[in-house]
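Please look over the sequence and the model shown here before reading on. The report that follows takes up selected parts one by one and then turns to the whole.

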Amino acid sequence: MNKIEHIGIAVKNLEESNILFGKLFGKPHYKVETVESEGVNTSFFQVGENKIELLEATKDDSPIAKFIDRKGEGIHHIAFDVDDIDSEIARLKAEGFIVLNETPKRGADNKLVAFLHPKSSNGVLIELCQEIKE
């Protein structure tokens, strides 16, 4: 793992949260994107070398909607940048982590992504991200 790629925060209302976090960071978000496969709208803020991703559910049965129903708004995941997501998935499986999707899928911000189950990482949902080279 190279670095923290971003921190994901689940929100009920993306428009209102963009205003709130824009005030907090002193600058507006730089990108809004929908990831249909996950039932989520995302918004990204650049804060120094770090990124914050806000996540709003677009359907009631999406992972973000379920998260907010159980835990409320707040930190949803920590994402790490990796060079080779497939080999990182294999390495982490061998180390005993529970991989939620062994085949990476397309995520927001031009990334391939895979997740580790929080049960295997002290209650923290971990996302692996690899930049898509096109």
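## The first helix and its surroundings

Just after α1, Gly26 adopts a positive phi of about 75°. This is a predicted model, in which local features need pLDDT of at least 70, side-chain atom pairs count only at pLDDT 80 or more, and totals for chains, interfaces and linings use all residues. Residues are numbered from 1 along each chain as its sequence is written, and side-chain values use heavy atoms, with hydrogens and water left out. Helices (H or I, at least four residues) and strands (E, at least two) are DSSP runs, numbered from the N terminus.

Helix α1 covers residues 14-25, and at 1.5 Å a residue its 12 residues should span 16 Å, which agrees with the 16 Å between its end C-alpha atoms; the expected span is 1.5 Å times one less than the number of residues. Buried here means under 20% relative accessible area, exposed means over 50%, and partly exposed lies in between, with a 1.4 Å probe and protein chains only. The buried residues of α1 are Leu14, Ser17, Asn18, Phe21 and Gly22. Seen down the axis of α1, these buried residues fall within an arc of 135°, so they line one face of the helix; the arc is that of the directions from the helix axis to the C-beta atoms. On the face turned away from that buried side, α1 carries the exposed residues Glu15, Glu16, Ile19, Leu20 and Lys23. With contact taken as heavy atoms within 4.5 Å, the buried residues of α1 pack against β1 (3-11), β2 (31-35), β3 (40-47) and β4 (50-57).

In helix α3 (residues 85-94), the buried residues are Ile85, Glu88, Ile89 and Leu92. Viewed down the axis of α3, they fall within an arc of 100°, so they too line one face of their helix. The strands against which the buried residues of α3 pack are β7 (111-116) and β8 (126-131). Just after α3, Gly96 takes a positive phi of about 100°.

| Helix | Side-chain oxygen | Backbone nitrogen | Distance |
|---|---|---|---|
| α1 | Asn13 | Glu15 | 3.1 Å |
| α3 | Asp84 | Asp86 | within 3.2 Å |

## Aromatic rings

Rings of Phe, Tyr and Trp (its six-membered ring) pair if their centres lie within 6.5 Å, and planes under 30 degrees apart count as stacked, over 60 as edge-to-face and the rest as tilted. By this rule the count comes to 4 aromatic pairs. One of them joins Tyr30 and Phe44 in a tilted arrangement, 6.1 Å centre to centre with 40° between the planes. This pair links distant parts of the chain, since Tyr30 lies in the loop between α1 and β2 and Phe44 in strand β3, 14 residues apart. Tyr30 is partly exposed, with a relative accessible area of 40%, whereas Phe44 is buried, with 1%. Phe21, Phe25 and Phe45 form one aromatic cluster.

## The protein as a whole

The protein has 3 helices and 8 strands, which follow the pattern β-α-β-β-β-α-β-α-β-β-β along the sequence. Its C-alpha atoms fill a box of roughly 40 × 30 × 25 Å along the principal axes. Buried residues make up 44% of the 134 residues. Among contacts between residues at least 6 apart in sequence, 53% join residues at least 24 apart.

Key. Polar contact = N/O pair within 3.5 Å; in protein donor to acceptor, adjacent residues only side chain to side chain.
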